[in-house]
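Welcome! Please have the picture ready as you read.

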Amino acid sequence: MNRFELVSSHDDLGVTPIENIFINHYMPMARGDYVKVYLYGLKRCFNQGLTPISNEDIAKDLNLLETDVKKAWDYWASEKIIAIEYTGTRDALVRFYNITGTILYKNEAIPETTVPKNAQSSNSIEDRIQRMYTTIQDMYESRTITKKETLLFKRWLDEYNFTPEAVILIVEYSINMINKKDRTFTPAQVVSYLETVAKSFHTAEVRDHIEAEAHIKDSAHKRTAYFQIFKYLGIQRNPMVSERQMMDTWFNDYGFSMEIIVQALSRTNKPNMKYIDGILKNWHEQGFKTLEDIKNDKPKQKIDHKESIEPMSDSRKQAYLDMEVDYAEDLWPELEINDEDL
């Protein structure tokens, strides 16, 4: 009896068929990282010559966290286009199904995702804490959680009143930020960084993972605003605590938008935060709320024969505001965690 085998000398020469129904209906609704994991797994289905691979290695290949890979498998399993059969705490058989076929032949049910018995734990605080340590250990890959880190996370639960899920998010966030840096952190520096981040969450009155996610987004928004203001003024450094508090006052206490703050910035061409603060404080005391209010407030002209200071031109103002701020993270890590603080 004849047997047939397609021989390919290199993985790059292979072809991975993707159903149009996946592209049209499943892909637009999913996170980009989840799509990457799905396609990566599908490729391996069509190249059985490849050796088995762990979620840890998939994460490295796709530049993701291992927890992201696991979340992706769970997501596609919930969409009923794959099924996962766990054979251990970290090993699994992932079955990909023909999507069109499962829709047409509904009588052929897709097997449910199976979870090992030791993973089917209750929702008690003890089990949640145990899952917290297990999840963090998975993030650490080959490195084992140190005793100092174990006590650190326990102290966060006790003193900061974080939920176990919030601790997981804070650690994941911190590791992600550390991995983006160009230098290697010692174990002591990792602990110091983790504690600095945790303190910032505690100061912001974060307790659970929902509040933690909101705090991260809010901090990113603030960081972008700080960067825009400093870039406008030509200041190439991190803002000091007093300067961040001053800018927070403009946005939070005065309720000014970036457009109104730009009007104040355009009235000076020198990086003088106190001068700008004086302008915005005056507008707040006069009850200004809109751009129309600001435009009706004509700046007083002061003649200085030694030096004539002109307002910043509209072209320069727009040039700064149009700049991309994606690379601001290299200068100002989120949550204003500076290396010199470690």
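What covers the buried residues of helix 9? The cover includes helix 7 (147-159), helix 8 (164-179) and helix 10 (209-233). Before going on, note that this is a predicted model, in which local features need pLDDT of at least 70 and side-chain atom pairs count only at pLDDT 80 or more, while totals for chains, interfaces and linings use all residues. Residues are numbered from 1 along each chain as its sequence is written, and side-chain values use heavy atoms, with hydrogens and water left out.

**Helix 9**

Helices (H or I, at least four residues) and strands (E, at least two) are DSSP runs, numbered from the N terminus. Helix 9 covers residues 187-203, which is 17 residues. From first C-alpha to last it reaches 24 Å, close to the 24 Å expected at 1.5 Å a residue; the expected span is 1.5 Å times one less than the number of residues. Buried residues (under 20% relative accessible area, with exposed over 50% and partly exposed in between, using a 1.4 Å probe and protein chains only) in helix 9 include Val-190, Val-191, Tyr-193, Leu-194 and Val-197. An α-helix has 3.6 residues a turn, so residues three or four places apart point the same way. Just after helix 9, Glu-205 takes a positive phi of about 60°.

**Rings that pair**

Rings of Phe, Tyr and Trp (its six-membered ring) pair if their centres lie within 6.5 Å; planes under 30 degrees apart are stacked, over 60 edge-to-face, and the rest tilted. By this rule there are 13 aromatic pairs. One of them is the tilted pair of Tyr-38 and Phe-96, 5.0 Å centre to centre with 55° between the planes. Tyr-38 lies in helix 2 (residues 32-45) and Phe-96 in strand 2 (residues 92-96), so this pair ties together parts that are 58 residues apart in sequence. Tyr-38 is buried at 3% relative accessible area, and Phe-96 also counts as buried, at 17%. Both belong to a cluster linked by ring pairs, together with Phe-22, Tyr-34, Trp-73, Tyr-75 and Trp-76.

**Charges over rings**

A charge sits over a ring if NZ of Lys or CZ of Arg is within 6 Å of the ring centre and within 35 degrees of the ring normal.

| Charged residue | Ring | Distance from ring centre |
|---|---|---|
| Lys-43 | Tyr-40 | 5.1 Å |
| Arg-183 | Phe-185 | 4.2 Å |

**The whole protein**

The secondary structure comes to 16 helices and two strands. Of the 342 residues, 38% are buried.

How values were computed:
Contact means heavy atoms within 4.5 Å.
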